[in-house]
Amino acid sequence: MKVRTRYAPSPTGFFHIGGARTALFNYLYAKHHSGDFVCRIEDTDIERNVEGGIDSQLNNLEWLKIIPDESPRTPGLYSPYVQTQKLVRYQELAYQLIKADKAYYCFCTKEELQKQREEAIKQGLTPKYNRHCLNLSQQEIQNKLKNGVPAAIRFKMPENIDIKWKDLIRGQLTVPTSALTDPVILKSNGIPMYNFAVVVDDYDMQITHVLRGEEHISNTPYQIVIKEALGFHQQSIAYGHLSIIVDETGKKLSKRNNTLKQFVEDYKEMGFLPEAVINFLTLLGWSSKDNTEVLSMDQAIQNFDSDRISKAPAFFDFKKLLWIGNQYIKKLDDKTFLNFIKPFLKINVNSFRNEDVFDMAQLIFKPQISYANEINDLLINTFLTTNLQQIPDHLKSIVSSDNFQKCILAFERILQSYEEITLLNANEIVEKIKQETQLKGKDLYLPIRFVAIGKEHGPEMNKILTIVGKENIMQNLKKLIWIKS
């Protein structure tokens, strides 16, 4: 059969990093095997669904270039791709299981179920349904249905068998049915429960492989027995359960953990390139045979092998994300870089002498930023916050030294002979200062840089002088000479 994988989020929240990793691994697996990647929406937890949840999932998948072959936006042969649009299908199959004596009506109230749970815990037992309603007579069942008593439908778990499957990541796994309960498959309001709906959807959409988080290991045996009970014998699904993602403290990355940003939207708004985020996510629990860390989507597809997925927790290393982000930004040509960061700029050309100078100022920082928003602080702190009236304490002795004074006086005299500073003459100006003063190294470059931007460190000297310009530097020189005098 053709490989078909799926990503099936619920719109109870926005696109989380863990969900993005799951979607990506399913996409990579499908494309590695020339298969299809499906995105469907599991929206049956109606009370917890959030406005915009579906759009967050689909929009951010598109931003990351994890493009589904089939989805609610691009339906294929297996519509619908939203669970609430196929409720009749689930209900019909649930009633079929009742007729086949593989499921039964349950009339227990929430209060009764809670009491059963508390009794089990008190006796040191694993809480599970006590099958009270399984023992009701047909007459009792019909009377309750006739009188409108709310009824859920429970699956009748087979007794005394082992449920086995070979996990793509964890190897052979076995769960005895004695450890399981009779799960509700259809609530009294006609809404299917997860472990039932997902089996029906995977069958209807001919899914062959499922990669998902390790928290779903406990769901797998339920889904296997329900699939068999429904008669879906011809369908073979390979399951693989991904390890958890942890932060620097070793805690699971969750929506309630504020140590790191949790949602893909956060990194999009920070100005990470989607290719960088994808590259980083690819390495969250998977590695290539040659341990290459910077690899494109095409390279990841070509090399993706489920045998290389680790069972160990995946560490969300933000420093690595920054490093990867920087690698991708450095690869951009200058025009693409300027276009990319433009929507993230909080300052405009009016803060600089002209557009060419503004572009030059931005391009100076291209080799060092990891995401677009970084450009703002760098531009502001380097070029737009020069305050020569407030000299840092550790520089006061240098600024008051004879060498410093000699350098800036020479700078003023030499600069007056130039109409403007350009990239072509900036180095010439510095060389003339050097020749006149016989200063070199820190004694030469620190005063020049400090006059230009009020900092002892910064980008290349010729670009600094060109960006700041003659007029601004002359004003700065007068301020410093006045302070010295």
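Predicted model: local features only at pLDDT ≥ 70, side-chain atom pairs only at ≥ 80, totals over all residues.
Biologist: At what angle do helix 3 and helix 6 pack?

Modeller: Helix 3, residues 87-99, packs on helix 6 at about 110°. Their axes lie 11 Å apart. Helix 3 and helix 6 are therefore roughly perpendicular to each other.

Biologist: Which residues of helix 3 and helix 6 meet?

Modeller: Helix 3 brings Arg 89, Tyr 90, Leu 93, Ala 94 and Leu 97. Helix 6 answers with Phe 196, Ala 197, Val 200, Asp 201, Tyr 203 and Asp 204. By class, this contact has eight nonpolar, no polar and three charged residues.

Biologist: How do the axes of helix 12 and helix 13 cross?

Modeller: Helix 12 spans residues 334-341, and helix 13 spans residues 355-364. Their axes come within 10 Å and cross at roughly 95°. So helix 12 is roughly perpendicular to helix 13. On the helix 12 side, Asp 334, Phe 337, Leu 338 and Ile 341 take part. They meet Asp 359, Gln 362 and Leu 363 of helix 13. The contact divides into four nonpolar, one polar and two charged residues.

Biologist: Why are helix 16 and helix 17 called oblique?

Modeller: The axes of helix 16 (residues 402-415) and helix 17 (residues 426-437) cross at roughly 130° and come within 9 Å. Helix 16 and helix 17 are therefore oblique to each other. The crossing is right-handed.

Biologist: Which residues make the contact of helix 16 with helix 17?

Modeller: From helix 16, look for Lys 406, Cys 407, Ala 410, Phe 411, Arg 413, Ile 414 and Leu 415. From helix 17, find Ile 429, Lys 432, Ile 433, Glu 436 and Thr 437. Seven are nonpolar, one is polar and four are charged.

Biologist: Now pockets. How much space lies in the second largest pocket?

Modeller: The general idea comes first. Rolling a probe the size of a water molecule over the atoms shows where empty space is left. Here, the second largest pocket holds about 710 Å³. It is lined by 24 residues, and Leu 113, Arg 154, Val 184, Lys 187 and Met 193 are the closest to its centre.

Biologist: Which helices and strand each supply at least two residues of that lining?

Modeller: They are helix 4 (110-122), strand 4 (152-155) and helix 6 (194-204). The lining has 13 nonpolar, six polar and five charged residues.

Biologist: Next, the backbone. Where is the peptide bond that is cis?

Modeller: Look at the bond from Ser 79 to Pro 80, where omega is near 0°. Pro 80 sits in the loop between helix 2 (53-63) and helix 3.

Biologist: Which residue has a positive phi although it is not a glycine?

Modeller: That is Ser 34, with phi about 55°. Ser 34 lies in the loop between helix 1 (17-32) and strand 2 (36-39).

Technical notes
Residues numbered from 1 in each chain as written. Heavy atoms only, no water. 1 Å grid on protein atoms, 1.4 Å probe; cavity = no way out; pocket = protein on both sides within 12 Å on 5 of 7 lines; lining within 4 Å. Points joined across faces, edges and corners; volume = space filled by probe spheres on them. Helix = DSSP H or I, 4+ residues; strand = E, 2+ residues; numbered from the N terminus. Nonpolar A, V, L, I, M, F, W, Y, C, P; charged D, E, K, R; others polar. Axes fitted to C-alpha atoms, helices over the stretch in contact; angles between N-to-C directions. Parallel < 35°, antiparallel > 145°, perpendicular 65-115°, else oblique. Left-handed = near helix turned anticlockwise from the far one by under 90°. Contact = heavy atoms within 4.5 Å.
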